[in-house]
Amino acid sequence: MKFGFFKTIAVAATLTASLLSGAHAQELNGAGATFPAPLYQKWFAEYGQATNVKINYQPIGSGGGIKQITARSVDFGASDAPMNADELSKAPGIIHIPTVAGAVVVAYNIPGVGPGIKLTPDVVADVFLGKITKWDDARITKLNPGTKFPSSGIVPFHRSDGSGTTNIFTTYLSEVSGDWKDSVGAGKSVKWVKGLGGKGNPGVAALIKQTEGGIGYIELAYAVQNVIPYAAVRNAKGKFIYPSVASTTAAAAAVSLPADFRKVIVNTQAADGYPITGFTFLLVYPNAKPELKKFLQWALTDGQKDASDMYYAPLPANVRQRALAAVNRIH
Amino acid sequence: MANITTEAQSSRKAAVASPKAVPPRGASLGARIGDPIYLGLTFLASLSIFAIIIAIAWNLASASHLSMQKFGFGYATGSTWDETKDIYQIKPFIFGTLYSSLIALILAVPVSIGAAIFLSELAPKWIRTPITFLIELLAAIPSVVYGLWGIFVLIPWVRDKFMVPISHSKVEHIPILGSLFSGDPIGPSMLTAGMILAIMVTPFITAITRDIMKAIPRAQREGSFALGATQWETISQVVIPYAKSGIIGAVILGLGRALGETMAVTMVIGNQAPQTESGISWSLFDPGYTMASALANKFNEATPGISLSSLVEIGFVLFIVAVIVNIFARLLVRYTAKNL
């Protein structure tokens with residue numbers, strides 16, 4: 001009897017709540033990065049079911065996300081690259097909230113060669129600079145004594161559209177190669193000296209898959225889903241690290257982020273960390289809607305467990321604490 | 001407005017019914033008011049097109065004034081596009097747009113005119129209807145579908161059956177021909193972009209050319225046959241000369257589509273300016289970049305300021321190129337019509 005009574009109350013409360021919230025279904029709009037979009041879509045669907053807050057997200061690219069949040073035409077923006085000083089001055093007070101970390105892998109298509117060839121940072125840089133042009137170059141074969149490489153040419157592929165993925169990759173190469181820094185530099189879109197461009201991660205993935213001798217950089221998730229082999233890259237501590245969620249987390253844990261999180265983190269000092277990784281950010285104003293604050297708190301706690309299923313690394317504990325503190329600045 | 005139209009129609013009907021009778025005063029009042037209003041409305045409609053074009057040109061020019069100021073004519077004559085150094089020059093894009101469209105026309109025009117001749121002059125009806133239907137279907141396929149087909153079917157096929165054999169042969173050593181086929185046979189290239197464009201513009205040129213040939217009076221052909229001309233003589237000396245200016249118009253329309261085509265080209269052209277000093281390469285195997293695909297690739301991530309302004313200027317230059325092509329087409333049509 002008692003149980004039934006409570007059950008009735010619970011049902012009534014739920015009904016009322018759903019009716020009330022149904023009448024006032026909350027909507028949030030966001031736009032930006034494509035890199036974390038699959039995870040974000042999953043988050044928004046899950047969160048929408050749990051709380052009846054509907055979040056619309058347009059994966060239009062990091063630059064688009066920055067533009068839209070600067071114009072305040074969305075509730076939040078999303079970007080893989082932190083905003084630069086110029087962009088920041090146009091959006092005063094904006095807060096960067098890191099959500100997850102991701103890895104950019106060097107994927108390739110070499111007939112007869114499986115996944116996990118070893119590459120050093122200078123070899124990767126020189127391949128994309130066009131200084132190493134054959135797969136059986138001594139500098140590559142020396143690193144992989146057991147593997148037989150064909151003598152075919154190397155065809156480097158890059159993103160033709162501006163992207164946070166490119167930013168992570170070129171920031172990394174600028175950090176490890178003086179040549180790269182001087183002749184190409186880092187950015188969401190750079191002046192490539194060799195190879196061909198494909199549009200988006202799918203475009204580059206398709207080019208690599210179809211071209212014998214092709215090599216390119218794509219997100220870990222795309223490489224895994226498209227079954228494209230990718231390389232282990234030597235990190236700052238001299239260990240060859242195969243990209244995975246674990247090695248991305250390890251890399252992320254060892255970084256020291258500035259107070260406003262605005263830094264592309266590459267070339268980690270962690271012994272087991274994969275060196276080409278980066279955080280992705282949500283961009284919000286301190287006077288954002290309270291529903292957005294609640295969502296961010298959820299994303300940084302419960303939401304984190306979804307990350308690794310989709311090949312993103314959850315935030316390390318210390319970064320997560322600081323990100324939550326940043327979310328609390330929203331009032 | 002509906003009222004006026006019906007009044008005008010009824011008065012016209014009345015006029016038709018009794019052509020000799022002078023229309024009564026009352027009915028002609030409607031006609032007298034209706035005509036100027038009708039004239040005004042249609043004039044406004046035609047004016048709106050003019051206004052839209054001016055507005056587009058003005059908006060593009062004003063939004064790109066930052067980059068015009070900084071780069072001047074160097075914008076169109078330099079070959080460096082480097083976001084990290086804030087240098088924006090588009091010669092390779094202009095070249096890519098014109099070259100890929102030229103390749104497309106070279107491939108598409110003979111096929112289109114051939115198909116149009118067959119459909120309008122030679123084909124029996126049972127084959128004409130399905131082919132006409134298929135050509136119209138081809139024109140209705142969205143360009144992104146052409147692009148996907150290009151990536152997964154056309155590129156591998158062209159590379160394995162055409163590019164690789166040629167680059168392994170001695171063609172490279174023939175003086176002029178060799179420079180057209182130099183470079184690595186990777187796949188995405190000027191050639192594949194031109195081929196995709198050719199496939200996309202063929203239905204347009206074919207359909208219009210066929211309609212023009214159909215519109216040629218029967219008496220022209222009958223007269224030619226009566227003089228003892230063969231079918232081939234009739235086609236080559238009566239039908240084609242008669243339709244010439246129309247065919248040129250059709251080709252220019254196809255060219256217009258090729259110049260502005262974005263998605264399909266972006267997917268198959270390689271999106272990389274040639275690595276030469278001038279940013280230009282005549283090799284069909286080299287990747288390229290067109291103005292439209294540069295816009296599609298770079299617009300999402302452009303930051304406000306000089307980078308966005310330079311992108312808008314690409315749109316402006318593309319607009320000017322389209323205007324020039326159209327003026328050129330007009331002159332060409334007029335010239336051929338005179339020389340008939």
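Trainee: How do the axes of α5 and α9 of chain B cross?
Mentor: In this predicted model, the axes of helix α5 (residues 91-122) and helix α9 (residues 190-214) of chain B come within 6 Å and cross at roughly 35 degrees.

Trainee: Is that crossing left-handed or right-handed?
Mentor: The crossing of α5(B) and α9(B) is right-handed.

Trainee: Which classes of residue make up the contact of α5(B) with α9(B)?
Mentor: The contact of α5(B) with α9(B) has 19 nonpolar residues, eight polar residues and three charged residues.

Trainee: Moving to the two chains, how many residues does each give to the contact?
Mentor: Chain A gives 29 residues and chain B gives 25 residues.

Trainee: Which elements of chain A supply at least two residues each?
Mentor: On the side of chain A that touches chain B, α3 (62-70), β7 (196-198) and α9 (200-210) of chain A each supply at least two residues. Of the elements, α3(A) gives the most, with four residues.

Trainee: And by class, what does that side of chain A have?
Mentor: The side of chain A that touches chain B has 15 polar residues, eight nonpolar residues and six charged residues.

Trainee: Now strand β8 of chain A. Why is it described as largely enclosed?
Mentor: Strand β8 (residues 214-219) of chain A is largely enclosed by the rest of the structure because six of its six residues are buried.

Trainee: How many bridges join β4 of chain A to β8(A), and are the strands parallel or antiparallel?
Mentor: Strand β4 (residues 95-109) of chain A is joined to β8(A) by six bridges, and the two strands run antiparallel. Within that pairing, Val105(A) has Ile218(A) of β8(A) as its bridge partner.

Trainee: What about β6 of chain A and β8(A)?
Mentor: Strand β6 (residues 155-159) of chain A pairs with β8(A) in the parallel sense, over three bridges. Gly216(A) in β8(A) stands opposite Phe157(A).

Trainee: Where is Leu88(A), and what does it touch?
Mentor: Leu88(A) lies in helix α4 (residues 85-90) of chain A. Leaving aside residues up to four places away in sequence, Leu88(A) touches Met83(A) and Ile94(A).

Trainee: How far apart are Leu88(A) and Thr70(A)?
Mentor: Leu88(A) and Thr70(A) are 18 residues apart in sequence and 8.7 Å apart in space, C-alpha to C-alpha.

Trainee: Why does Leu88(A) count as partly exposed?
Mentor: Leu88(A) is partly exposed because 17 other C-beta atoms lie within 10 Å, and a residue needs 20 or more to be buried.

Trainee: On the backbone, what is phi of Asn52(A)?
Mentor: Phi of Asn52(A) is near 65 degrees, which is a positive value in a residue other than glycine. Asn52(A) sits in the loop between α2 (37-51) and β2 (53-58) of chain A. Asn52(A) is partly exposed, with 16 other C-beta atoms within 10 Å.

Trainee: And Val227(A), what is its phi and where is it found?
Mentor: Phi of Val227(A) is near 50 degrees, again a positive value in a residue other than glycine. Val227(A) is found in the loop between α10 (220-225) and β9 (232-234) of chain A. Val227(A) is exposed, with 8 other C-beta atoms within 10 Å.

Trainee: What is the average pLDDT of chain A?
Mentor: Chain A averages a pLDDT of 88, and 92% of the residues score at least 70.

Trainee: Where in chain A does pLDDT stay under 50?
Mentor: pLDDT stays under 50 over residues 17-23 of chain A, and the model has one contact beyond four places in sequence for that stretch. Where pLDDT is low, the predicted coordinates should not be read in detail.

Conventions
Residues numbered from 1 in each chain as written. Chains lettered and ligands numbered in written order. Predicted model: local features only at pLDDT ≥ 70, side-chain atom pairs only at ≥ 80, totals over all residues. Contact = placed C-beta atoms within 7 Å. Nonpolar A, V, L, I, M, F, W, Y, C, P; charged D, E, K, R; others polar. Buried ≥ 20, exposed ≤ 12 C-beta atoms within 10 Å, placed from the backbone. Axes fitted to C-alpha atoms, helices over the stretch in contact; angles between N-to-C directions. Left-handed = near helix turned anticlockwise from the far one by under 90°. pLDDT = per-residue confidence, 0-100. Pairing = 2+ DSSP bridges.
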